[in-house]
Amino acid sequence: MHTRYLWIPLLIVTIAIPLGFYYVDWSKSGEGAGLYSRDWLPQAIFAYWNPDDFYESVKSVKGEFSGEQCVDCHQGVTPGIVNDWRKSRHSKPVNDQAVVYCSDCHGNNHDDLHLPTPGVCAACHAVQHEQFVDEKRYGFPSHSLAMERALDAKHFVDKPKAEVTACLQCHSVASKCDSCHSRHRFSAAEARRPEACITCHSGPPHPDDETYFHSKHGQLYLQEGKNWDWSKPLKKGNYPVPTCAYCHMDNGKHQVADKSIWGFGIKQVNPMSSGNEVKRNQWIKLCSDCHDPDWASGQLKQLDAERKQSWQKLYQAESILKGLRSDDMLSPSAAQRPPYPGDVPGDFMQRERIGFFEGQASAFYNVSPIERDYFEMWYFNNLKSYKGAAHGDVSFVNEGQVAMDSSLEKITQNAERLRQLAEAGKAIQDTSRKGKTDKGDNILQEIWLRGEYTEYNRDHN
Amino acid sequence: MHTRYLWIPLLIVTIAIPLGFYYVDWSKSGEGAGLYSRDWLPQAIFAYWNPDDFYESVKSVKGEFSGEQCVDCHQGVTPGIVNDWRKSRHSKPVNDQAVVYCSDCHGNNHDDLHLPTPGVCAACHAVQHEQFVDEKRYGFPSHSLAMERALDAKHFVDKPKAEVTACLQCHSVASKCDSCHSRHRFSAAEARRPEACITCHSGPPHPDDETYFHSKHGQLYLQEGKNWDWSKPLKKGNYPVPTCAYCHMDNGKHQVADKSIWGFGIKQVNPMSSGNEVKRNQWIKLCSDCHDPDWASGQLKQLDAERKQSWQKLYQAESILKGLRSDDMLSPSAAQRPPYPGDVPGDFMQRERIGFFEGQASAFYNVSPIERDYFEMWYFNNLKSYKGAAHGDVSFVNEGQVAMDSSLEKITQNAERLRQLAEAGKAIQDTSRKGKTDKGDNILQEIWLRGEYTEYNRDHN
Amino acid sequence: MHTRYLWIPLLIVTIAIPLGFYYVDWSKSGEGAGLYSRDWLPQAIFAYWNPDDFYESVKSVKGEFSGEQCVDCHQGVTPGIVNDWRKSRHSKPVNDQAVVYCSDCHGNNHDDLHLPTPGVCAACHAVQHEQFVDEKRYGFPSHSLAMERALDAKHFVDKPKAEVTACLQCHSVASKCDSCHSRHRFSAAEARRPEACITCHSGPPHPDDETYFHSKHGQLYLQEGKNWDWSKPLKKGNYPVPTCAYCHMDNGKHQVADKSIWGFGIKQVNPMSSGNEVKRNQWIKLCSDCHDPDWASGQLKQLDAERKQSWQKLYQAESILKGLRSDDMLSPSAAQRPPYPGDVPGDFMQRERIGFFEGQASAFYNVSPIERDYFEMWYFNNLKSYKGAAHGDVSFVNEGQVAMDSSLEKITQNAERLRQLAEAGKAIQDTSRKGKTDKGDNILQEIWLRGEYTEYNRDHN
């Protein structure tokens with residue numbers, strides 16, 4: 001290209017970049033929240049999970065009140081939470097610290113109360129807050145990115161609001177500290193115990209609850225944990241067995257992301273990369289608080305082998321799906337589905353995304369049945385096995401592997417059936433094929449193809 | 001119609017009504033129990049669950065004994081239960097109350113002992129018994145109707161006795177107070193704790209166990225509950241977090257039915273009816289023991305949305321099934337199945353019942369595969385989501401919704417397949433169709449159509 | 001046969017028997033472990049589960065040390081385990097017993113440490129060890145046979161090592177006492193509590209965890225267990241409700257096999273055989289520590305009925321599979337699969353094994369999809385119901401029965417489909433059939449038929 005034409009791309013870029021920024025700003029400035037704020041309004045309860053954007057103060061009582069007045073009145077109105085506060089260090093500070101009253105976090109004006117976000121807690125707990133925010137450097141999954149990544153995902157806009165609401169309750173961990181230090185004790189001792197994590201960390205995609213409590217560590221905690229001194233910091237020699245926080249937040253560090261090797265099990269990683277070698281040594285050192293370093297190293301190798309084995313199975317399934325895609329046998333195809341908000345409608349740019357690296361994570365909703373089977377295999381069965389291996393619950397490794405075998409079998413059978421039907425359709429001529437299209441497909445179309453379901457959700461979101 | 005012929009319907013009614021009563025009486029007077037007592041004899045263990053009808057005293061020891069004598073002897077024979085009794089208020093009454101000995105509930109004659117039913121307990125605990133019985137006004141589901149509604153259900157007669165026995169263990173809550181106040185402590189403190197409810201309230205159709213313990217309430221109970229003073233009544237300020245009983249039996253009321261809005265999740269209701277408005281305010285008041293009323297109201301709205309979403313999916317599945325029914329594609333059809341006891345045999349009056357309002361609840365056994373898939377979607381997946389939303393366990397909302405999506409997909413695929421097979425059968429003529437009937441159908445017939453399986457159960461029930 | 005030819009079989013036997021012994025010896029003398037030691041090398045972590053064969057001492061520290069020196073140094077290196085030991089009876093022996101130091105079990109030479117196997121513990125705990133080893137008389141399932149039976153199973157060689165490793169963690173119960181008496185407290189009190197068993201006894205094929213804790217026994221343990229005196233022996237009157245060990249190891253007997261009636265639920269047995277009559281009386285006597293003997297007998301009968309019902313369903317499924325086998329419709333068939341190690345390759349001697357009595361247990365891996373469905377029905381669903389009935393968790397009986405119904409339906413449908421496809425294939429001629437072979441079968445072949453997957457595992461095991 002002649003340099004004299006360089007002004008053309010330069011001009012385009014000069015226009016396109018500000019336009020892009022302008023579009024994102026415009027998109028975020030709707031009534032809802034996140035990148036698709038113009039397509040999405042939350043349910044009422046969400047105000048308590050993302051108070052900065054949506055909380056509106058109760059107006060039942062007027063006036064400004066001192067902290068002592070709050071306590072006096074609420075002792076009668078909501079005695080339980082006042083009792084909690086009385087047991088907290090906020091009400092009984094040590095040394096020369098001041099009492100932290102209700103009003104210090106919620107404000108004095110009862111007409112304009114606010115719910116405390118992490119920034120409010122940071123006024124006193126700066127180190128913890130800084131560590132918490134530091135997680136953002138490591139990408140998702142992450143506590144501190146949990147809310148914004150959720151709100152910016154396309155499928156959060158398309159899914160029925162009732163379902164998305166269920167997701168957001170846990171994702172609110174980014175917006176409030178009482179997910180782990182529950183109100184109004186805000187106890188460090190509480191957060192050291194596994195129960196603090198489990199409200200969110202249970203169920204198919206992250207069975208941390210199930211796998212920890214099935215492990216020997218968990219069983220010893222259940223037997224003896226009530227007698228341990230939970231006021232002690234999470235350090236070598238202080239606890240007979242580890243809890244979630246002992247390993248993942250050792251020494252109380254509020255940044256949980258930097259020791260992560262296998263990426264939450266959702267993508268394949270090279271566990272022996274130079275970066276991961278450093279992390280492996282961190283883990284071996286941690287396990288060596290109680291175990292032989294060789295034991296710890298053996299456990300890591302076992303986890304490497306489990307991951308490798310799981311990804312072999314997952315890639316087999318992916319490969320079957322990619323074969324179907326290249327033969328145009330996925331139905332509904334990406335082009336047949338209603339486009340995500342922001343996508344160009346019609347065939348242009350619509351493409352099946354299969355597997356993690358193509359981004360199926362955001363496409364598990366509103367896809368063809370066989371893709372959903374793969375999603376289940378990847379997001380539920382695979383992670384069952386991973387968490388089992390990571391937390392020492394071998395029954396979950398077996399369950400996960402057996403479930404992956406079943407999924408792979410289902411995918412194989414259904415792929416075969418899709419091909420057989422296509423051939424049988426050709427063999428017995430177009431007559432019956434037409435019939436099929438009219439009846440069988442209609443059932444599917446009612447649900448997916450015409451997008452009525454999605455349209456409904458979008459109208460009501 | 002001329003009034004002079006009025007005597008004809010009058011005569012018929014005059015004869016029919018007594019005949020009907022006579023028939024029900026006759027039907028109930030068999031060796032078994034319930035409306036189908038002539039078709040159904042329970043297993044031995046059932047005597048302990050429905051003692052009024054079936055318990056026969058042990059005959060190992062003869063003679064009449066005083067309460068003290070019972071205790072002296074059983075201290076050696078069954079020391080555990082005597083130890084329990086010694087810890088109970090029955091053995092250490094307060095004020096001027098008399099000791100309640102073994103004989104006060106079981107009788108003095110060792111040759112004719114009886115097991116105490118709620119009526120026996122009512123002699124001292126009249127208020128609680130009255131509240132318990134008052135539940136009957138609200139219909140099923142209900143503790144006090146649990147046994148009779150089970151015994152009067154047609155499918156309880158048809159199902160293998162081994163399976164029905166499993167149902168009846170929990171349904172015995174209507175016949176004995178020690179389902180919650182376990183013998184021989186009969187402790188109120190025990191029944192205030194969630195474990196008292198969980199022996200029955202766990203598993204797919206009512207995962208109250210799973211959802212409560214995954215909630216923040218449940219996790220705090222697990223951490224701290226052992227230190228709370230369980231002798232306190234279930235009132236505002238007495239407990240840091242609620243338990244099952246705190247919310248559903250507030251102030252210790254033994255009538256659990258009158259605050260129920262969503263009907264256990266098994267049917268669609270209008271949550272904003274005037275009756276439900278009253279109940280909503282009761283709930284908001286209850287939640288306000290600790291929470292902002294706006295928070296409570298937001299949670300109820302979230303549950304409304306979850307219910308609406310779930311019923312959208314359920315109605316889609318129902319609609320597919322109704323389409324198959326109207327095209328005569330359900331196999332076995334109602335007419336092909338052995339009739340329920342009391343039903344007229346053959347084609348007459350046999351009709352598929354699809355979904356809750358048509359009464360599928362009692363038909364989930366002995367149905368065509370696709371109807372069973374719907375049952376699973378409605379009774380297991382739907383209730384998983386409902387209980388998750390009701391108890392604050394969002395992971396169960398997600399699991400339930402994902403499972404409903406899978407079920408809907410399975411139902412859609414199988415409906416499509418049934419239609420394709422029908423068309424393919426026409427296309428490739430009767431020759432291969434006949435082959436199909438001879439082989440494929442035979443397999444089905446062995447299991448369902450000829451009713452051998454059902455006949456066997458009925459003969460052995 | 002003329003007796004003068006008797007020398008021929010005699011000669012053959014004389015040669016064959018030593019040859020057989022020689023072959024087994026040779027097969028066991030490979031680098032790995034068990035009967036297929038030449039085909040199988042374990043992962044590193046396995047050294048800790050089968051130390052006799054694989055553990056190699058850490059070499060980090062040189063020299064010989066006294067017990068006191070071990071303690072002094074490890075107080076700093078691994079304080080947690082030293083704290084555990086300090087709480088154990090090993091460090092605070094009663095009467096005139098000597099302190100049991102680290103070196104008494106691990107050796108003094110830090111260059112040649114060993115991990116203690118049951119034989120090491122037997123030096124002091126001879127009675128318990130003798131009872132433990134006595135289990136071998138009763139066959140598998142068994143604690144003391146757990147490791148050798150696993151290592152000698154053909155499918156342990158063929159399955160991916162990552163999966164087998166998960167199995168072996170629990171099967172190591174045969175090689176080390178700290179599966180139940182966890183290091184370094186080695187507490188009897190710990191092993192009396194259910195948590196000691198649950199690390200292994202949970203999950204689909206043996207949901208002892210789930211079923212015990214859903215039972216009234218389990219719920220009362222959860223409520224009150226923390227206040228019981230666990231130093232007491234497992235005898236009548238010492239505990240308000242039983243735990244796993246109270247019933248299965250009554251009076252602390254370390255032989256768990258001799259009271260087993262229903263064979264772990266994996267095979268059908270006659271529960272009224274003379275041998276089982278004796279066992280039934282043992283159970284009734286045990287239950288009578290707290291319950292009426294009639295109650296206990298009723299529970300056993302309920303379990304008989306549950307078993308009978310489950311086997312009816314299982315035999316229906318077996319019968320469908322045997323029908324497919326006799327019509328040569330299982331694909332891949334036994335002959336098409338890669339032979340197990342030690343088997344003669346090719347068609348000779350290859351035969352489908354269907355159901356427990358034909359030995360499917362060792363064949364659930366690498367089988368046709370419909371056989372796998374049967375395996376799931378038999379090994380997961382059936383055992384769910386069995387354990388539910390055995391431990392008093394009726395929700396699991398229902399879940400298991402419903403799941404068996406679903407499996408049976410799936411097997412029936414898929415068998416029908418296999419037959420329909422075969423007939424449709426004939427009807428629409430060989431043309432489309434060929435297409436099917438080229439495409440559909442290829443997918444399957446990639447996974448099973450050519451054995452690449454199995455070959456890979458075998459090369460890397």
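How many residue pairs are in polar contact across the interface of domain 1 of chain A and domain 2 of chain A? The rule finds 1 such pair, with both residues at pLDDT 80 or more. This is a predicted model.

**How the copies are related**

- Chain C can be laid on chain B by a turn of 120° and a shift of 0.0 Å along the axis, with an RMSD of 0.0 Å. That is the relation of a three-fold axis.
- The copies use different surfaces, and 6% of the contact residues of chain C recur in chain B.
- Chain C also superposes on chain A, with an RMSD of 0.1 Å. Here the rotation is 120°, with 0.0 Å of shift along its axis.
- Only 5% of the interface residues of chain C are also interface residues in chain A, so these copies meet through different surfaces.

**Where chain C meets chain A**

- Chain C puts 60 residues into this contact, and chain A puts in 52 residues.
- The two chains bury about 4800 Å² between them. Carbon and sulfur atoms carry 55% of that area.
- How many salt bridges cross the interface of chain C and chain A? The rule finds 3.
- One salt bridge joins Lys313(A) to Glu163(C). Their closest N and O atoms are 2.6 Å apart.
- There are 12 residue pairs in polar contact between chain C and chain A, both residues being at pLDDT 80 or more.
- The side of chain C that touches chain A has 26 nonpolar, 16 polar and 18 charged residues.

- Over all chains, the count comes to 54 salt bridges.
- Arg372(C) and Glu409(A) form a salt bridge through their side chains, at 3.8 Å from N to O.
- This pair crosses between chains. Arg372(C) sits in helix H18 of chain C, residues 369-391. Glu409(A) sits in helix H19 of chain A, residues 394-427.

**Where chain C meets chain B**

- On this side, 53 residues of chain C are in contact with 60 residues of chain B.
- About 4900 Å² is buried between chain C and chain B, 55% of it on carbon and sulfur atoms.
- Which residues of chain C lose the most area to chain B? They are Lys216(C), Gln223(C) and Val394(C). Together they account for 13% of what that side buries.
- There are 3 salt bridges between chain C and chain B.
- Arg372(B) and Asp405(C) meet in a salt bridge through their side chains, at 3.4 Å from N to O.
- The polar contacts between chain C and chain B come to 12 residue pairs, both residues being at pLDDT 80 or more.
- Three helices of chain C give two or more residues to the side that touches chain B: H14 (216-224), H17 (293-326) and H19 (394-427).
- The largest share of that side comes from H19(C), with 20 residues.
- By class, the side of chain C that touches chain B has 14 nonpolar, 21 polar and 18 charged residues.

**Domains within chain A**

- Chain A is divided into domain 1 (35-53 + 116-186), domain 2 (56-114), domain 3 (205-254) and domain 4 (304-459).
- The centres of domain 1 and domain 2 of chain A, taken over C-alpha atoms, are 24 Å apart.
- Their contact takes 7 residues from domain 1 of chain A and 9 residues from domain 2 of chain A.
- About 760 Å² is buried between domain 1 and domain 2 of chain A, and carbon and sulfur atoms give 62% of it.
- Pro116(A), His184(A) and Arg185(A) supply 69% of the area that domain 1 of chain A buries against domain 2 of chain A. That is more than any other three residues.
- How many salt bridges are there between domain 1 of chain A and domain 2 of chain A? The count is 0.
- The side of domain 1 of chain A that touches domain 2 of chain A has 3 nonpolar, 2 polar and 2 charged residues.

Definitions and conventions
Residues are numbered from 1 along each chain as its sequence is written. Chains are lettered from A and ligands numbered from 1 in the order in which they are written. This is a predicted model: local features need pLDDT of at least 70, side-chain atom pairs count only at pLDDT 80 or more; totals for chains, interfaces and linings use all residues. Side-chain values use heavy atoms; hydrogens and water are left out. Copies are superposed by least squares on the C-alpha atoms of residues with pLDDT of at least 70 in both. Contact means heavy atoms within 4.5 Å. Buried area is the accessible area (1.4 Å probe) that two parts lose on being put together, summed over both. A salt bridge is a side-chain nitrogen of Lys or Arg within 4 Å of a carboxyl oxygen of Asp or Glu. A polar contact is a pair of N or O atoms within 3.5 Å; within protein, one must be able to donate a hydrogen and the other to accept it, and residues adjacent in sequence count only if both atoms are side-chain atoms. Ala, Val, Leu, Ile, Met, Phe, Trp, Tyr, Cys and Pro count as nonpolar, Asp, Glu, Lys and Arg as charged, and the others, Gly among them, as polar. Domain bounds come from an automatic or database domain assignment. Helices (H or I, at least four residues) and strands (E, at least two) are DSSP runs, numbered from the N terminus.
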